[in-house]
Amino acid sequence: MTDILTAARRFIEQIPHARDLNMALTELGEGRARITMPYDPRLVGDPATGVLHGGAISALMDTASGAAVMCHPSGPTSTATLDLRIDYMRPATPGQPVTAIAECHHVTRSVAFVRVVAVDLDESRPVAMATGAFTAERARGAAE
Amino acid sequence: MTARRPAPEPAQTVEARRDAALNWLSGGIPYVRFLDIRFDRRGDELTALLPFAESRIGNPMIPALHGGVTAAFLEVTAIVGLAWSTLWEAFETGRIDPAELLQGQTLPPLPRTIDFTVDYLRSGLPRDAYARARILRAGRRYASVLVEAWQDNRDRPFAMGSVHLLMPDTAA
């Protein structure tokens, strides 16, 4: 189990784009992942309000989802997004970090299903929610 | 006493003004600059370009573009494409003078994403990517936009997006 967690953590730390956005993994285990991204003026989508662009939040939710798949107890060796459907409920409050909390709630031999929610400091009112399907690569050719 | 029709502007002036308006629209969004997304214009048709950079990688083993970058690229293409089509119509009908718009500096209110579905068709290669948006419907309040992204081969898209957006308040 520790190996799975270590592998998942390394998987995320090696993602150049995750580093570029200063994403930090704060919780990981049993198919659940929590990743925080600090507020960054470079990621603003609307200069009039300073609200983060939805694309940056998509990138955060996609990363958290991949992390959730990677730390699922079934131990996938690699994963890639098949599809992601995102609902944007409200603009993230400018100046606040955004956190994505992802849960890999079901896996088959070759597919992992994920639910993910993005929140700012007011966790009771989500900024965005998404569901996705991911590939689940297996070590011993089980997926083939 | 017939009103004399003003001489048509030289084509270059018109095109230069349109390009300036496009640069102003896309260059005014910090996140678009962060991803270094550019827009190539032929008439009213836009092609978005995402130049490859190491920082766009999501899986260093393959290596492949980050799925989030791909999603962001599609979403930016949809938003700018929709905003551009609205502006274009306003320019052509003379409702807005692009020269005045450029002096005003502030961006017009942009459409806001309601929801967004991305299909990842194949892994994004470590090369430049291109995307075009097709506006399926742009009503007064809601719009539906389809976006397609490809790399080396136009007939082999690597991602497709379907975006629903809320149109900006145009009361102003």
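## Exercises on a two-chain model

Strand β7 (residues 111-119) of chain A runs antiparallel to β8(A), the two being paired over eight bridges. Strands here are DSSP runs of E with at least two residues, helices are runs of H or I with at least four, and both are numbered from the N terminus; two strands pair if DSSP finds at least two bridges between them.

Before starting, note that this is a predicted model, in which local features need pLDDT of at least 70 and side-chain atom pairs count only at pLDDT 80 or more, while totals for chains, interfaces and linings use all residues. Residues are numbered from 1 along each chain as its sequence is written, chains are lettered from A and ligands numbered from 1 in the order in which they are written, and side-chain values use heavy atoms, with hydrogens and water left out.

### Exercise 1: the layout of chain A

Work out how many helices and strands chain A has, and in what order the elements run.

Step 1. Chain A holds three helices and eight strands.

Step 2. Read from the N terminus, the order is α-α-β-β-β-β-α-β-β-β-β.

Step 3. Now turn to burial, where buried means under 20% relative accessible area, exposed over 50%, and partly exposed in between (1.4 Å probe, protein chains only). Of the 144 residues in chain A, 51% count as buried.

### Exercise 2: the surroundings of β8(A)

Find which strands pair with β8(A), and explain why this strand is largely enclosed.

Step 1. Six of the eight residues of β8(A) (residues 128-135) are buried, so the strand is largely enclosed by the rest of the structure.

### Exercise 3: a visit to T81(A)

Is T81(A) buried or exposed, and which residues does it touch beyond its neighbours within four places in sequence?

Step 1. T81(A) belongs to strand β5 of chain A. Its relative accessibility is 13%, so T81(A) counts as buried.

Step 2. Contact means heavy atoms within 4.5 Å. Setting aside neighbours within four places in sequence, T81(A) touches D62(A), A133(A), F134(A) and, from the other chain, Y120(B).

Step 3. The side chains of T81(A) and D62(A) are joined by a polar contact of 2.7 Å. Such a contact is a pair of N or O atoms within 3.5 Å; within protein, one must be able to donate a hydrogen and the other to accept it, and residues adjacent in sequence count only if both atoms are side-chain atoms.

### Exercise 4: where the chains meet

Step 1. Between them, 34 residues of chain B and 30 residues of chain A are in contact.

Step 2. Y31(B), F34(B) and Y120(B) supply 24% of the area that chain B buries against chain A, more than any other three residues.

Step 3. There is one salt bridge between the chains, a side-chain nitrogen of Lys or Arg within 4 Å of a carboxyl oxygen of Asp or Glu. β5(B) gives nine residues, the largest share of the side of chain B that touches chain A.

Step 4. β5 (residues 81-88) of chain A and β5(B) pair in the antiparallel sense over five bridges. Within β5(B), V118(B) is the bridge partner of L84(A).

Note on methods:
Buried area is the accessible area (1.4 Å probe) that two parts lose on being put together, summed over both.
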